[in-house]
Amino acid sequence: MKKALVAALTAATFLAPAGAFAQIGGESGDGRIVAAREALRKGDRSTLERLAAVREAHPLDAYPRYWLLINRLARAEEPVPIAALQAFLAEEAGSNLAERLRADWLRRLARDGDWSGFLAVYADLRSPDAELRCNAWSARVLTGERSVFAELAREWDTLADADPTCDTPLRAAVDSGAVDEERVWWRIRRQIDTRKPEAALASLSLLPAGNAPAHADLAQAIRSPAPWLDRLQPNFAVSRAGRELALAALVRLAREDVSAARLRLLRIQDRLGAAERNYAHLALGMHAALDRLPEASALYAAAGDIETTAQQRAWRVRAALRIGDWHAVREAIEAMPADEREAADWIYWLGRAHAAAGRRDAAESLYVRIAGEPHFYGMLAREELGEAFPPPPATAPLPRAKLEEAERDPGLQRALALYRLELRTEALREWVWGVRERDEQFRLAAAHLALRNELYDRAINTAELANPRSNFELRFLTPYRDLIEPQVRAQGLDLGWVYGLMRQESRFVVPARSSVGAQGLMQVMPATGKWVADRIGLAGYNQRLLTDPETNVLLGTSYMRLILEGLDAHPVLASAGYNAGPGRARRWRDAAALEGAIYTETIPFDETRDYVKKVLANAVIYAAMLEKRPQSLKARLGTIAPGAASE
């Protein structure tokens with residue numbers, strides 16, 4: 001299939017007639033592009049220069065010149081080739097390569113400390129990343145612009161996990177007085193309560209001299225919180241630094257053991273100020289909620305009226321959901337900032353809280369706002385109004401002229417050529433750039449083009465970008481059905497659920513590989529593949545087989561069956577188990593039966609919570625399309641049986 005695709009694309013779309021390309025040592029067309037890419041990888045300047053000097057009628061003709069320029073920019077001993085850069089940017093104006101070259105040039109200017117030059121080039125950059133955004137603030141600070149300090153003060157609370165290149169402007173914002181000491185302490189507190197608390201150590205330098213705790217003391221409090229708290233001297237509270245160290249240790253301990261942190265808070269709380277006690281209760285409350293502990297709501301209540309983050313506010317709602325306190329659910333949602341309350345999840349749960357209190361009209365007015373949306377909470381709201389999710393309507397055909405416009409588009413042609421050469425990262429960048437800021441019909445035409453070229457992930461994502469409420473035939477594709485359906489029948493699984501999970505895992509990209517090593521259509525981990533192969537008696541298994549679609553589907557669907565059997569035959573538990581492991585899915589149950597939607601909303605891992613919602617919503621849409629009848633998400637969510645006390 002892949003070879004046929006390559007041949008068709010080569011013959012029909014991208015390559016000029018035989019003999020049309022200039023010849024360089026026998027290298028032209030695709031061969032020239034591949035050779036230039038390899039020369040860049042090896043740092044082979046002479047080959048790059050030779051290949052970049054050629055011009056030919058190839059969609060990727062500019063790439064060797066781009067690769068040569070970034071090779072030159074990377075060499076600190078060479079001067080910046082300003083004329084060559086400006087010529088390329090003029091020739092490729094508006095293209096993905098122009099944007100990327102401009103970003104590469106900016107990184108070189110920042111390394112060189114040419115901040116005036118940086119600002120001149122930055123003015124034309126359309127999509128700066130976090131590093132370049134921080135460098136732009138540095139440039140404005142170092143060139144004497146005063147208005148940047150007020151801007152940094154407004155952005156301060158969003159920069160707790162900022163790129164290290166933000167250190168200079170953050171320091172300047174503090175030194176200018178735009179950000180006071182209290183905001184610095186809040187930054188440190190938020191950094192401590194993350195997976196990378198070491199960032200807080202760097203922020204100590206933002207505090208006034210003499211007000212910061214010792215670097216080594218904070219490191220020790222973070223690393224060994226229980227011993228640190230147990231060794232506290234009675235006079236620890238005489239300084240702000242001493243009290244903040246105690247709070248840091250309490251927060252880190254709460255991430256491991258809320259009960260242990262609560263016990264130690266009781267020992268020292270009389271020596272803390274009221275606001276500090278409130279903060280400690282807030283941190284313990286959130287971690288108790290993450291651990292699904294019934295005392296979470298009481299800890300939140302003990303925090304009083306204190307500044308909170310979006311994450312802390314969300315977990316206050318979830319803590320109340322977990323214990324069925326609908327009054328507390330309503331209060332927690334209504335206390336959110338207006339923009340947060342507009343999220344579909346909080347609209348739905350606020351509606352449920354009103355319904356639980358008998359305010360049916362108030363509930364329905366909220367459900368109506370999201371019931372037309374084809375996502376998890378839109379489906380649930382629709383069912384609260386008495387209607388299951390119906391088979392989606394067919395999308396109207398596109399005009400032929402629009403399809404031809406997408407076929408001729410230079411950016412999409414470059415993307416397809418890069419996919420053909422298996423330069424997937426570059427291809428993805430070209431595709432994303434090619435459909436940005438385009439109208440709905442162009443994006444739909446691009447999605448059709450992707451589908452014809454079996455680029456299923458691009459078809460799905462581009463159709464969703466065009467209109468997330470429509471285009472279901474493109475957004476919910478069913479490729480590889482000849483491989484998938486027999487395995488679904490053999491394993492006794494639901495086809496809609498399998499497709500819903502696979503769509504979320506890989507978007508049907510055969511060579512997909514995650515950052516942790518999961519591979520293939522069903523993103524099977526190597527160790528999982530070995531375990532499943534042993535369980536089903538698959539002889540001759542080796543890790544390379546994970547990239548074979550047939551073997552990957554066999555192992556993935558077998559794993560779905562095995563974890564489904566071990567998790568009460570419940571698709572919510574099994575979906576959570578597929579993503580985070582069956583053991584975690586079991587531990588996340590409650591001592592009492594729990595509504596499936598509440599179990600899902602209170603999954604402590606952000607990735608898994610989002611994953612389960614999307615997999616189950618996908619399953620509903622696929623089932624409606626495949627079975628051609630309305631589907632109930634609430635029926636799929638069902639009720640989660642109580643967990644064992646040992647869990």
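Select Cys134 and Cys166. Both are buried. Keep in mind that this is a predicted model. Now show the two sulfur atoms. A disulfide joins Cys134 to Cys166, with 1.9 Å from S to S. The pair ties together distant parts of the chain. Cys134 sits in helix H8, residues 130-142. Cys166 sits in the loop between helix H9 (147-155) and helix H10 (167-175). The two cysteines are 32 residues apart. Look along the S-S bond next. The angle about that bond is -85 degrees, and the link is left-handed. How many disulfides does the structure hold? It holds 1.

**Zoom out: the chain**

Show the protein chain as a cartoon. Its secondary structure comes to 39 helices and 2 strands. The radius of gyration is 28 Å, close to the 26 Å that the globule rule gives for 647 residues, so the chain is as compact as a globular protein of that length. Turn the view along the principal axes. The C-alpha trace spans about 85 × 65 × 55 Å.

Buried residues make up 53% of the 647 residues. Switch to a surface. The chain exposes about 28,300 Å². Carbon and sulfur atoms supply 51% of that area. Contacts tell another part of the story. Take those between residues at least 6 apart in sequence: 59% of them join residues at least 24 apart.

**Next stop: Glu340**

Select Glu340, in helix H21 (residues 338-341). Is Glu340 buried or exposed? Its relative accessible area is 17%, under the 20% cut-off, so Glu340 counts as buried. Show side chains around Glu340. Its side chain makes a polar contact with the side chain of Arg313, at 2.4 Å. Now list what Glu340 touches, leaving out residues up to four places away in sequence. The partners are Ala310, Arg313 and Trp346.

**Next stop: helix H23**

Move on to residues 360-370, which form helix H23. Which residues of H23 are buried? Select Ala363, Leu366, Tyr367 and Ile370. They cover an arc of only 100 degrees around the axis, which puts them on the same side of H23. Look down the helix axis to see this arc. Then select Asp361 and Val368. These two are exposed, on the other side of H23.

**Last stop: helix H31**

Select residues 481-491, helix H31. Its buried residues include Ile484 and Val488.

Now show what the buried residues pack against. Select helix H32 (495-506) and helix H34 (549-566). Both pack against the buried residues of H31. Finish by stepping just past the end of H31. Gly492 is there, with a positive phi of about 70 degrees.

Key:
Residues are numbered from 1 along each chain as its sequence is written. This is a predicted model: local features need pLDDT of at least 70, side-chain atom pairs count only at pLDDT 80 or more; totals for chains, interfaces and linings use all residues. Side-chain values use heavy atoms; hydrogens and water are left out. Helices (H or I, at least four residues) and strands (E, at least two) are DSSP runs, numbered from the N terminus. Buried means under 20% relative accessible area, exposed over 50%, partly exposed in between (1.4 Å probe, protein chains only). A polar contact is a pair of N or O atoms within 3.5 Å; within protein, one must be able to donate a hydrogen and the other to accept it, and residues adjacent in sequence count only if both atoms are side-chain atoms. Contact means heavy atoms within 4.5 Å. A disulfide is a pair of cysteine sulfur atoms within 2.5 Å. The radius of gyration is taken over C-alpha atoms; the globule rule is 2.2 Å times the number of residues to the power 0.38. Accessible areas come from the Shrake-Rupley method with a 1.4 Å probe; for residues, only the protein chains shown count as cover. The arc is that of the directions from the helix axis to the C-beta atoms.
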